[in-house]
Amino acid sequence: MRIGDAAAAAGMTPRALRYYEQQGLVTARRTPSGHRLYDDEDIRRLRVVRELRDAGLTVGDVRAFAHLLHTLPADGVPDLLAQEPRPGRCSAAETVARRRLADLDARIARLSYLRARLAARLGEPEAAGTEPAGPDGTVRAGADSGPLFRLVTAPAPETPAVRA
């Protein structure tokens, strides 16, 4: 099938399909006139990619175990993080997924910290689990977090009356 039909069957746009092809996640065959052709296995593989992306993995994550995509089921997100060992489980995919999970946890912690810092500047009460402000009321989030500031409500400037 051609790219439009293949994209629709995989639940994505032709542009996304071309991007995944560019990233090495699927390989299209070509007609003599240069049109891309996809078969049922390509569609199954694209569905796996879409499911993994929807689960939070990046294209780079999926590319790390692209050679194993044919072993993953297309009907739902594969259970990469099962607690019990399972024969045939993809340890490469599990390793990548665990790394992505740790990265997401670190990002969430960082964003929560920055949110608490901004909320403190706005005079909002601290949320449970956030780092308290220092003795001077300031909270530092890190070198890349920019300058500290305080919002002060200033009186509105007086404007002269306009005569008509």
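The model is predicted, and local features are considered at a pLDDT of at least 70, side-chain atom pairs only at pLDDT 80 or more, while totals for chains, interfaces and linings use all residues. Residues are numbered from 1 along each chain as its sequence is written, and side-chain values use heavy atoms, with hydrogens and water left out.

**Overall architecture**

The protein chain holds five helices and two strands, where helices (H or I, at least four residues) and strands (E, at least two) are DSSP runs numbered from the N terminus. Read from the N terminus, the order of these elements is α-α-β-β-α-α-α. Of the 164 residues in the protein chain, 28% are buried; buried stands for under 20% relative accessible area, exposed for over 50%, and partly exposed for what lies in between (1.4 Å probe, protein chains only).

**Confidence**

The predictor's confidence in each residue, pLDDT, runs from 0 to 100; its mean over the protein chain is 78, and 66% of the residues reach 70 or more. Helix α5 (residues 91–121) has the lowest confidence in the protein chain, at a mean of 91, whereas α2 has the highest, at 96. Over residues 141–152 pLDDT stays under 50, and for this stretch the model has 23 contacts beyond four places in sequence.

**The pairing of α1 and α2**

Helix α1 (residues 3–10) and helix α2 (residues 14–22) have axes that come within 8 Å and cross at roughly 95°, the axes being lines fitted to C-alpha atoms over the stretch in contact, with angles from 0 to 180 degrees between N-to-C directions. The two helices α1 and α2 are therefore roughly perpendicular to each other, a term that covers angles of 65 to 115 degrees. On the α1 side the residues are Ile3, Gly4, Ala6 and Ala7, and they meet Pro14, Leu17 and Arg18 of α2. The residues of this contact divide into five nonpolar, one polar and one charged, with Ala, Val, Leu, Ile, Met, Phe, Trp, Tyr, Cys and Pro counted as nonpolar, Asp, Glu, Lys and Arg as charged, and the others, Gly among them, as polar.

Thr27 lies in the loop between α2 and β1 (29–30) and is exposed, with a relative accessible area of 56%. Ala16, in helix α2, is partly exposed at 21%. Leu46 belongs to helix α3 (residues 40–54) and counts as buried, at 0% relative accessibility. Beyond its neighbours within four places in sequence, Leu46 is in contact with Ala10, Met12, Leu17, Tyr20 and Val26.

The table gives C-alpha separations for these residues.

| Pair | Apart in sequence | C-alpha to C-alpha |
|---|---|---|
| Thr27 and Leu37 | ten residues | 9.3 Å |
| Leu46 and Ala6 | 40 residues | 9.1 Å |
| Ala16 and Arg50 | 34 residues | 9.8 Å |

Definitions and conventions:
Parallel < 35°, antiparallel > 145°, perpendicular 65-115°, else oblique. Contact = heavy atoms within 4.5 Å.
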